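Take a look at the structure shown here.

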Amino acid sequence: YNYNGLAQRVMHAFRQSVGDEVAQLKVRQRGCVVILTGIISSRRRLNHLVTLATKTKGAALVELYGVTILEDDLAA
């Protein structure tokens, strides 16, 4: 049993999808909850990553804590 297996699977999915853009994003887990903290380039990218994390085997919920979005691309 790998206590951090879910976080590792999520980070692997992130790297496959967007590469090094997730270098400043930290992925942790609390049971079946994925916790994201750090810096991401845009809200659109964050939404994409949340969707990926949610679809990862073993994930039930994604929580965001202290995520900084560098460019708010959904602003009017």
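Does glutamate 63 count as buried or exposed? The model is a predicted one. In it, glutamate 63 has a relative accessibility of 16%. The cut-off for buried is under 20%, so glutamate 63 counts as buried.

Glutamate 63 has a charged partner, arginine 30. The two form a salt bridge. This pair links distant parts of the chain: glutamate 63 lies in strand S3 (residues 61–71) and arginine 30 in strand S1, 33 residues apart. Arginine 30 is partly exposed.

How many salt bridges does a search of the whole structure find? It finds two. The other joins glutamate 21 to arginine 45. Glutamate 21 sits in the loop between H1 and strand S1 (25–30), while arginine 45 belongs to helix H2. They are 24 residues apart. Both are partly exposed: glutamate 21 and arginine 45.

| Salt bridge | Closest N and O atoms | Relative accessible area |
|---|---|---|
| Glutamate 21 – arginine 45 | 3.1 Å | glutamate 21: 29%; arginine 45: 28% |
| Glutamate 63 – arginine 30 | 2.9 Å | glutamate 63: 16%; arginine 30: 42% |

Why can such pairs form? Side chains of opposite charge can pair when their charged atoms come close.

Now the helices. The axes of H1 (residues 5–18) and H2 (residues 43–55) come within 9 Å. They cross at roughly 135°, and the two helices are therefore oblique to each other. The crossing is right-handed. H1 contributes Val10, Ala13, Phe14, Ser17 and Val18 to the contact. H2 contributes Arg45, His48, Leu49, Leu52 and Ala53. These contact residues divide into seven nonpolar, two polar and one charged.

Terms used. Residues are numbered from 1 along each chain as its sequence is written. This is a predicted model: local features need pLDDT of at least 70, side-chain atom pairs count only at pLDDT 80 or more; totals for chains, interfaces and linings use all residues. Side-chain values use heavy atoms; hydrogens and water are left out. Axes are lines fitted to C-alpha atoms, for helices over the stretch in contact, and angles run from 0 to 180 degrees between N-to-C directions. Helices (H or I, at least four residues) and strands (E, at least two) are DSSP runs, numbered from the N terminus. Angles under 35 degrees count as roughly parallel, over 145 as roughly antiparallel, 65 to 115 as roughly perpendicular and the rest as oblique. A crossing is left-handed if the near helix is turned anticlockwise from the far one by less than a right angle, and right-handed if clockwise. Contact means heavy atoms within 4.5 Å. Ala, Val, Leu, Ile, Met, Phe, Trp, Tyr, Cys and Pro count as nonpolar, Asp, Glu, Lys and Arg as charged, and the others, Gly among them, as polar. A salt bridge is a side-chain nitrogen of Lys or Arg within 4 Å of a carboxyl oxygen of Asp or Glu. Buried means under 20% relative accessible area, exposed over 50%, partly exposed in between (1.4 Å probe, protein chains only).
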